[in-house]
Amino acid sequence: MAVITVLGSGIMATALATPLTDNGHEVRLVGTHLDREIITSIQETGIHPNLGLKVPDGVTAHQLEDAPRAFEGVEFVMSGVNSFGVDWAGDQFASLLRPGMHVIALAKGMQADDDGNLTILPRALASRLPEELRSRVSVSAIAGPSIAGEVAVHRHTSVVFTGEDPEVLTRWRELFATEHYHVWTNTDFVGVEVCAATKNCYAFGAGFMQGLLDAMGEAAGDRYVNYNYGAALFGQASVEMIQFMELLGGKPTTPIGLPGIGDCFVTSMGGRNVRCGRLVGSGMTFSQARAQMPGVTLEGAAAIVVIGRAVVRLTERGIVPPERFPLLRHLYEVVGLDQPVAVPWDSFFGGDGSGQA
């Protein structure tokens with residue numbers, strides 16, 4: 001039996017306690033400064049209020065001030081924060097981690113500097129650690145199609161664990177893999193994480209197809225829906241994820257499977273980013289749609305701004321040809337510049353079409 005300490009008690013971090021405890025491991029769930037009510041609920045009732053489920057036996061909940069004690073004597077640590085909390089988590093880990101520990105991260109997205117150079121989030125997390133510690137811990141990540149509630153109730157789920165050390169990934173796989181939670185390992189760290197970030201961008205665009213029907217006054221149950229529209233966006237998203245491999249150093253085959261197309265599919269099926277994309281597709285600007293969803297975290301929209309702005313900057317520097325990434329560029333126009341949806345169909349799939357925007 002192992003002990004795994006988790007920093008962050010969101011729904012995915014908590015759901016992943018299910019396969020771990022199924023395998024007989026102990027999970028110490030440490031809330032962030034934003035998770036106090038969640039931790040209190042678990043401590044008092046055993047229920048995670050956002051999942052609406054009782055946490056498994058074998059899970060203990062700890063407030064942030066108890067983190068040093070929860071990290072004592074552990075070898076395996078999970079970073080359960082979202083993309084907005086990566087720098088904060090790295091700063092916490094700077095004092096909580098010890099040499100020899102292994103970290104696996106959940107956040108999906110990328111960071112960019114002023115020149116448009118993009119960094120995957122696990123490396124951004126590691127960059128916050130003191131230099132003498134950085135080389136003495138490992139940082140890996142979990143990617144692939146995974147809805148938290150389905151994991152928590154034992155629906156079959158297939159994911160990818162990625163990092164630079166195959167032996168470390170094997171150890172993580174042995175901790176997590178069950179008859180319901182299926183784990184593959186992949187050392188294309190950059191490729192897998194870039195897929196995990198960009199699929200959130202493209203899933204936002206998946207909402208457009210239903211939003212257009214909303215604007216036309218047609219219900220989803222009508223005989224003719226809008227799957228042709230969505231399929232074209234999905235196809236172009238697949239093309240662009242492969243182009244990102246060329247740009248950032250991933251393997252061209254990585255998007256063709258769980259990290260890319262598989263994850264893009266499940267994310268496009270629903271969720272907050274898709275709901276916002278649907279509002280935008282119906283005719284709202286992003287700022288209007290955003291106002292309809294107060295207090296909701298939109299990681300996909302945030303990723304569109306970061307990655308889209310970086311692509312524009314890299315184009316200005318002559319690194320990215322202007323004809324590359326037409327869908328991602330348009331998503332940036334919609335989200336980052338508050339422009340209306342006007343899908344650039346004729347620029348898709350190499351720009352050979354003659355469709356109208």
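Two strands are taken as paired if DSSP finds at least two bridges between them. Strands (E, at least two residues) and helices (H or I, at least four) are DSSP runs, numbered from the N terminus. The model is predicted: local features need pLDDT of at least 70, side-chain atom pairs count only at pLDDT 80 or more, and totals for chains, interfaces and linings use all residues. Residues are numbered from 1 along each chain as its sequence is written, and side-chain values use heavy atoms, with hydrogens and water left out.

An open sheet of 8 strands was found, with mixed pairing. Its order is β5-β2-β1-β6-β7-β10-β11-β12. Strands β5 and β12 (181-186) stand at the edges with a single partner strand each, so one side of each lacks a neighbour in the sheet. From one strand to the next, the twist averages 25°. Here axes are lines fitted to C-alpha atoms, for helices over the stretch in contact, and angles run from 0 to 180 degrees between N-to-C directions.

Strand β2 (residues 26-30) runs parallel to β5 (residues 59-62), joined by 4 bridges. Arginine 28 stands opposite threonine 60 in β5. Strand β1 (residues 3-7) is also parallel to β2, through 5 bridges. Valine 3 has glutamate 26 of β2 as its bridge partner. β1 pairs with β6 (residues 76-79) in the parallel sense over 4 bridges. There, threonine 5 stands opposite valine 77.

β2 is mostly covered, with 4 of its 5 residues buried (under 20% relative accessible area; exposed is over 50%, partly exposed in between; 1.4 Å probe, protein chains only). Helix α3 (residues 36-45) lies across β2 and β5. The helix runs at about 135° to β5. Contact means heavy atoms within 4.5 Å.
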